[in-house]
Every structure is written in C-alpha cells, then in structure tokens.
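Good morning, and thank you for making time for this structure.

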Amino acid sequence: WRENEGSSAISMIEMNRDEKAMMIGVRRSDFTENSVIDAVILNDGGSLVVEECLFQDNAASKGAIYVIKEGKVSVIDSCYVRNEGGAVSLNDSSLVRDEGNFGFGNGMCNGILEEDNMDLVICGRACVVFEEDECAVMEFDPDEIPTASPTLTFQPNCVPTTSPYPSLSPTEILSPTINPTLEPTVEPVPEPTQEPEEDPTSEPTQEPTEEPTEEPSVEPSEPPTKTGSTNRPTITTSVAPSLSCFSQWDRLSLAMSVACAEDTGGSFVICPDTYFDLDEFSDSLITPIVICSSDVTVQCGDDGARSNNCVISGGETQFKLRSVIVGITFKGLTFQQSRGMSVFAGATMDSMASLIDCEWRNHEGSSVVIMTELDNNGTAMMLSLRNCNFTDNTVTDATVVNTG
C-alpha cells in the first residue's frame with residue numbers, strides 16, 4: 001500500500017455494535033508514504049496479526065497501527081520507520097504478541113503506546129520501545145534517520161502537566177476534561193473552587209469516571225483473556241463470515257496462526273469433500289500449519305468422520321506441533337504424499353495430542369509421523385493414534401518414529 005489518502009489504508013470495522021470486527025492477517029507487505037487521517041491500519045475491535053511487514057514514511061494522527069474497542073493485535077518481525085503519529089497505539093485494547101520488531105523516528109513512540117492512561121503517556125511510561133536494533137525486512141541508510149527522535153523518555157518523578165505532547169491529536173486523545181483531572185495531583189485545593197457543584201471530598205471519585213482505563217472494571221464479565229477463549233470456537237466464521245467450515249488451506253493456516261498468537265483454542269472444521277494441495281502454498285508462513293496453543297481440534301465435517309473425505313496432500317511437512325500444548329485432536333483426516341513428514345510432533349514432554357480415525361497414504365521422506373524431543377535435554381510429547389490406517393508409505397526410517 002503506497003500513497004493512499006483518506007481515513008486509513010485498511011479499516012477493520014464491526015458490522016454492527018453487537019459483534020466484533022473480523023480477523024485479518026497481514027504478512028510480508030509494505031505500507032509506504034500513505035497520508036491518512038486516522039491510522040494506516042485501524043483495528044476497531046477485531047483481531048490483527050502483522051508479520052514481516054514494513055511501515056515507512058507514513059503520516060497519520062494515530063500512527064501505523066491503531067487498535068481500539070477491545071481489539072487485539074500481534075506484531076511480529078516488522079519494521080516501523082519515520083511514521084508520523086507513532087508505530088503502534090492501543091486504546092482499550094490488548095497486545096497479544098510483540099516479537100522481533102524494529103522502530104525508529106516514529107512520532108513520540110518507537111514501539112507500543114498504551115494511550116489509555118494519559119498520566120503514563122505524559123510521563124513517558126506508556127511507551128514500550130521495540131527491542132530489535134536493526135530492521136529485518138529492509139535496509140536503509142542510518143544517516144537518513146533523524147538524530148533527534150521525539151520518542152517519549154521515562155521521567156521517574158514526573159508530575160503530569162497541562163501541556164501534553166503536541167504530536168498527539170489533542171481533539172481525539174486529550175479531551176478538555178483531562179487536564180482538570182491531572183491538576184489535583186499538584187494543587188488539590190483550587191480544583192473544588194473551579195467546580196463548586198461537586199463536593200471536594202468526592203474529588204477522587206472524579207478520576208475513575210474520567211480515565212478510560214477504569215471502564216473495563218465496570219464490566220468484569222468481559223476481560224480480554226476470557227473474551228478470546230469464549231469466542232475462539234467461532235473462529236471459522238471470523239475468517240469467512242459466509243462459511244461454517246474451511247475449504248481453503250491459506251485461510252485455515254491464518255486462523256491457526258491467530259489462535260497460536262493469541263494462545264487460544266477452538267474447533268477448526270474442514271468442509272466435507274475438500275482437497276488441499278499444499279504444493280500450491282510454498283510460503284513457510286502458510287505451510288506447514290503450526291499448532292502451538294492448547295485445546296485445538298481439527299476435524300473433517302461436523303462429526304469428524306473420515307468418510308467426509310477431507311484430503312491434505314503434498315508439501316514437505318503438513319502439520320507441526322510446538323510449545324506446551326494439551327487437548328490437541330485430529331479427527332477424520334486423510335493425509336497423503338508428503339515428501340518429508342506428515343506430522344512433526346515436536347511439542348514439550350508435558351504435551352499431548354490424539355489422532356482419531358485418520359489415514360496416511362503414499363508418503364515419502366524420513367517418516368510419516370515423528371515424535372521428537374524439543375531439545376537434547378527434553379522428552380518427546382505424548383501421542384495417541386486410534387482407529388488409524390497407514391498404507392503404501394515409502395520412508396527411510398519408520399512410518400511412526402518415537403525418539404523419546
């Protein structure tokens with residue numbers, strides 16, 4: 001995306017106020033020289049994964065990425081360079097994953113800005129700077145980067161002032177009622193004289209009604225972690241609202257990537273009579289599918305029966321199991337013609353997966369299913385195979401390899 005104007009380059013908006021916005025994964029994409037009003041990517045209550053992307057020389061009041069209304073975002077291996085308004089800003093939202101990112105010359109924060117609490121913003125405590133020292137997705141001349149970056153600096157004894165940083169959008173971030181709530185920390189006496197209608201003794205109660213970070217406490221039934229867990233079984237409809245099952249491998253891979261990034265489980269139903277040709281998806285971000293969160297079920301059809309005819313064909317490796325995971329189930333799937341291994345079960349010793357009513361046929365490579373320890377000091381995970389068939393496979397080691 002380049003040289004776009006308007007409100008944003010990508011907007012994730014909920015269709016109606018009773019539902020969340022959709023899920024979007026952006027991978028290996030560039031956003032350069034866009035001049036927009038809000039943010040290059042606006043996430044209004046959805047789930048966003050940004051991986052191996054470049055945001056450079058964009059102008060937006062909220063920066064490269066702005067997440068609001070209990071939205072979720074994962075930013076991975078991406079670069080943010082000279083974006084007016086900042087890199088990533090959160091407001092009443094949650095950061096799921098921040099890994100391998102680089103930032104320089106981005107407004108007032110070269111990282112994640114949590115703008116909910118303006119006390120922290122003004123004092124420089126709300127900016128979590130990206131940890132990487134160089135950009136992995138591009139090369140640029142360091143001399144082109146301004147030496148004086150307006151990034152927030154941490155002030156240990158900071159007292160909020162009435163003059164917040166001008167690079168923020170005052171009309172949207174700093175409402176006229178914010179400064180009065182900050183002044184009582186310095187001068188508690190004059191405040192009641194400005195607003196005689198309110199009892200001076202009730203002054204502390206003004207702050208919770210003014211600060212947006214206090215709002216979620218009013219609705220304890222909707223903490224971010226619980227929201228992700230309870231909504232995750234509907235992940236199949238988040239990717240394609242008109243579908244109740246997956247018939248495209250890249251969409252299934254994207255949904256599993258988001259579940260992995262958010263550490264949430266769910267049921268991923270493959271449509272009956274679906275044939276996945278993995279040789280059409282050579283991108284390592286799509287194939288193999290990596291499962292690294294617990295309580296995940298991948299099945300063929302609503303009942304998970306092999307007779308529903310869901311075939312996964314080709315590719316070097318088809319599925320990988322990683323991290324510490326339990327409650328993993330494959331049901332009714334037919335795996336065929338992998339050239340390395342079909343299932344790489346490389347999770348930790350405390351992990352467990354079940355493969356039920358599945359079939360592996362015509363595979364080549366080292367093995368069909370391999371259980372291997374994550375490192376030399378560990379023990380391989382537990383794997384259960386029930387009512388499964390292995391036919392016509394030609395491999396160098398064994399059909400099923402258990403290394404510990």
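**Disulfides, cores and rings**

The link of C79 and C135 is right-handed, with 115 degrees about the S-S bond. The disulfide joins C79 to C135 with an S to S distance of 2.0 Å, and both residues are buried. Please keep in mind that this is a predicted model.

How many disulfides does the model contain? The count comes to five. I shall describe two others.

C245 and C271 form a disulfide, with 2.0 Å between their sulfur atoms. Here the angle about the S-S bond is 100 degrees, and the link of C245 and C271 is right-handed. This pair, too, links distant parts of the chain, 26 residues apart: C245 in the loop between α6 (235-239) and α7, and C271 in the loop between β17 (266-270) and β18 (274-277). C245 and C271 are both buried.

Then there is the disulfide of C300 and C310, whose sulfur atoms are again 2.0 Å apart. Its link is right-handed, with 75 degrees about the S-S bond. C300 is in strand β20 (residues 296-300) and C310 is in strand β21 (residues 310-313), 10 residues apart. C300 counts as buried because its relative accessibility is 0%, and C310 is buried at 1%.

In soluble globular proteins, nonpolar side chains tend to be buried together. In this model the largest nonpolar core has 44 residues, and those touching the most other members are W249, L252, I291, L321, F330, L333 and W360. Which helix gives the most to this core? Helix α7 (residues 249-262) does, with seven residues. A second, separate core has 23 residues, including V40, I41, V67 and V75.

Leaving aside residues up to four places away in sequence, L252 touches F246, F268, I270, F276 and I289.

Helix α7 itself has 14 residues and reaches 20 Å from its first C-alpha to its last, close to the 20 Å expected at 1.5 Å a residue. Is this helix mostly covered or mostly uncovered? It is mostly covered, with 11 of its 14 residues buried. Among the buried residues of α7 are W249, L252, M256, V258 and E262. Just after α7, D263 takes a positive phi of about 55 degrees.

That brings me to the aromatic rings. A search of the whole structure finds 12 aromatic pairs. In one of them, the rings of F31 and F55 have centres 4.7 Å apart and planes at 5 degrees, so the pair is stacked. Because F31 lies in strand β4 (residues 30-32) and F55 in strand β8 (residues 54-56), the pair ties together parts that are 24 residues apart in sequence. F31 is buried, with a relative accessible area of 0%, and F55 is buried with a value of 0%.

W249 and F319 form an edge-to-face pair, 5.7 Å centre to centre with 75 degrees between the planes. Since W249 lies in helix α7 and F319 in strand β22 (residues 317-321), this pair ties together parts that are 70 residues apart in sequence. Both W249 and F319 are buried. Ring pairs link W249, F276, F319, F330, F335, W360 and F390 into a cluster.

The charged end of K320 sits over the ring of F344, 5.8 Å from its centre.

To close, I would draw your attention to W249, which is among the residues touching the most other members of the largest nonpolar core and also belongs to the ring cluster. Thank you.

Methods
Residues numbered from 1 in each chain as written. Predicted model: local features only at pLDDT ≥ 70, side-chain atom pairs only at ≥ 80, totals over all residues. Heavy atoms only, no water. Core = buried A, V, L, I, M, F, W, Y, C linked by side-chain atoms within 4.5 Å. Buried < 20%, exposed > 50% of the residue type's maximum accessible area, 1.4 Å probe, protein only. Helix = DSSP H or I, 4+ residues; strand = E, 2+ residues; numbered from the N terminus. Contact = heavy atoms within 4.5 Å. Disulfide = S-S within 2.5 Å. Expected span 1.5 Å × (residues − 1). Phe/Tyr/Trp six-rings, centres within 6.5 Å; stacked < 30°, edge-to-face > 60°. Lys NZ or Arg CZ within 6 Å of the ring centre and 35° of its normal.
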